[in-house]
Amino acid sequence: MKIVKRILKIVLALIGLLVLIGIITLWIDSSGTNYLEIDKNESVSNNSYLIKNVNVIPMNQDTVLVDKMVYIKEGIIEKIGDTIEVDGIQIFDGEDKYLIPGLIDMHVHVWDRYELGLYLSNGVTAVRNLWGMPMHLRIKEDVMEENIFSPSFFTTGPKLTGSEFIGDDNLNLTNPSEAKDKVISYKDRGYDFIKTYYGLDKEVFDAVIEQAIISEMDIVAHPSQKVPFSYHLNSQIKSIEHAEEIVQQPLQFDLDTIKLQPIIDSISQSKHTSYCPTITVFNNIYQMMMDDSILDSESLKYMNPLIKMDDSKRQFDRWFNAKQEDPSTVERIKKQHDFHMTIVKKLHEAGVPIICGTDGGIGVTLPGFSIHKELDFYKEAGLSNYEVLKTATVNASQTHAMMNQLGTIEKGKIANLLLVDENPLVKLSTLKNPTNVFVKGRKLNRATLDSFNAKAKNRKNLVATALRYLENLIIEK
């Protein structure tokens, strides 16, 4: 009996030690991102001031409002005019640069708070996270309480899948009752949207939609192969994700523009449906097959280390092996990417609202930086610069009611803004290096933004990320 007690004491001591080590690891990682805390940055905490000498691109129309003044009051756009007088207010000189709404990435996967700084440094002032975990609710709370510099943060709950689509990243639904319970639970926990994924059959999908209507939660759909593609045009589903899903499901990998057109027409007739193509993440499959050293590239030093070690490596190995077994795979992937560009072109021509999303944070798709590649693809697909900018501003903000205060420069909108050197309606690349990013009115200059990049590069938080992911597995989804 004494031996049993001694063993139990040793086991409990080891468990206690592991818990203590975990707590210390998470505390160290949290301390590593204290540079994002607003109360530690008093010099940029002011969110009321007057901007003068600035050219405004409002994005509610294709125009430039030349040499304007913009009054920001407590993080909200109060007034835009030729002359504005406010007593006792700080004046910020726009130096004849261009003021545009901050960019919105509508499809990301956030793994740590370092990535919040990466998004800001690239001009992304709002994100829609599409794989919700408990840590995202904590980020959302800190953002809403204005404790940290971060893009405006919106998140779905865990991904809802069918019973046979097994994976620790999925919530497998087995019946309609369970589906309704999960929607109710995610609403109560504070998630913003429902994410539907592979394997949902009609009975379970109907239950998700029915409860989402009752719970007033918009659905974001990664299409399920268990129902017709047209099923995802339900009015409660506000956006459909990934151009490749059109290729994989209704077209069955037949890259036929004639067969594509009826699908495009059906989407265009659904006036509540936006489409998020995520061209970049699929194109990165091609990039991996073209560059055998991509995992050692300088850019991959900005990826979360756990994701780089696990997901990035697995994806690279998969496609490296695929091209070794069949060299024609490289050309097949390139042709599918080109067809995705055709899909974007035809969606745009049909009047479907395209919303910019990158799938940043997985594979080799960098958080923040990738949005510029995504926008360039839309330009290549035939959109004008104004139409490209709409995908990451006004189109994105109109997708969900809770995002309506973003996306344009108008009275009453949140002051999530970018100040850039050149006119992006002429030169899109100016977006890559904003001189200032405004987050709820608080001004971050280029030096501060560059420091966010430096802090995130080669970060050593693999264990901390693993612990947060473990939390997601332990806590009931």
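Leaving aside neighbours within four places in sequence, Ile264 is in contact (heavy atoms within 4.5 Å) with Ile343, Lys346, Leu347 and Ala350. Ile264 lies in helix 7 (residues 257–268), where helices (H or I, at least four residues) and strands (E, at least two) are DSSP runs numbered from the N terminus. The relative accessible area of Ile264 is 0%, so this residue is buried; buried means under 20% relative accessible area, exposed over 50%, and partly exposed in between (1.4 Å probe, protein chains only). Val66 is 198 residues from Ile264 in sequence and 38 Å from it in space, C-alpha to C-alpha.

The model is predicted: local features need pLDDT of at least 70 and side-chain atom pairs count only at pLDDT 80 or more, whereas totals for chains, interfaces and linings use all residues. Residues are numbered from 1 along each chain as its sequence is written, and side-chain values use heavy atoms, with hydrogens and water left out.

The secondary structure of the protein comprises 15 helices and 15 strands. The radius of gyration, taken over C-alpha atoms, is 23 Å, close to the 23 Å that the globule rule (2.2 Å times the number of residues to the power 0.38) gives for 477 residues, so the protein is as compact as a globular protein of that length. The C-alpha trace spans about 85 × 65 × 50 Å along its principal axes. Of the 477 residues, 57% are buried. Among contacts between residues at least 6 apart in sequence, 72% join residues at least 24 apart.

A nonpolar core is defined as a set of buried Ala, Val, Leu, Ile, Met, Phe, Trp, Tyr and Cys residues joined through side-chain atoms within 4.5 Å. In the largest such core, which has 66 residues, Ile246, Ile267, Ile343, Leu375 and Tyr378 touch the most other members. Not counting residues up to four places away in sequence, Ile267 touches Phe229, Leu233, Ile246, Thr273, Tyr275, Leu347 and Val352. A second, separate core of 24 residues includes Phe282, Ala322, Val330 and Ile362.

Helix 11 (residues 370–380) has as its buried residues Ser370, Ile371, His372, Glu374, Leu375, Phe377 and Tyr378. Their cover includes strand 5 (103–108), strand 6 (124–129), helix 8 (279–290), helix 10 (328–349) and helix 12 (385–391). Gly382, with a positive phi near 115°, follows helix 11.

Salt bridges (a side-chain nitrogen of Lys or Arg within 4 Å of a carboxyl oxygen of Asp or Glu) number 25. Asp421 pairs with Lys97 in one of these, the closest N and O atoms being 3.3 Å apart. This pair links distant parts of the chain, with Asp421 in the loop between strand 13 (417–420) and strand 14 (436–439) and Lys97 in strand 4 (residues 91–101), 324 residues apart. Asp421 is partly exposed at 40% relative accessibility, whereas Lys97 is buried, with a relative accessible area of 17%. A further salt bridge joins the side chains of Arg128 and Glu241 (3.1 Å, N to O). Arg128 lies in strand 6 and Glu241 in strand 11 (residues 237–241), so the pair ties together parts that are 113 residues apart in sequence. Both Arg128 and Glu241 are buried.

The structure holds zero disulfides (pairs of cysteine sulfur atoms within 2.5 Å). Cys276 is in no disulfide, and the nearest cysteine sulfur, that of Cys356, is 7.1 Å away. Cys276 is buried, with a relative accessible area of 0%, and Cys356 is likewise buried at 0%.
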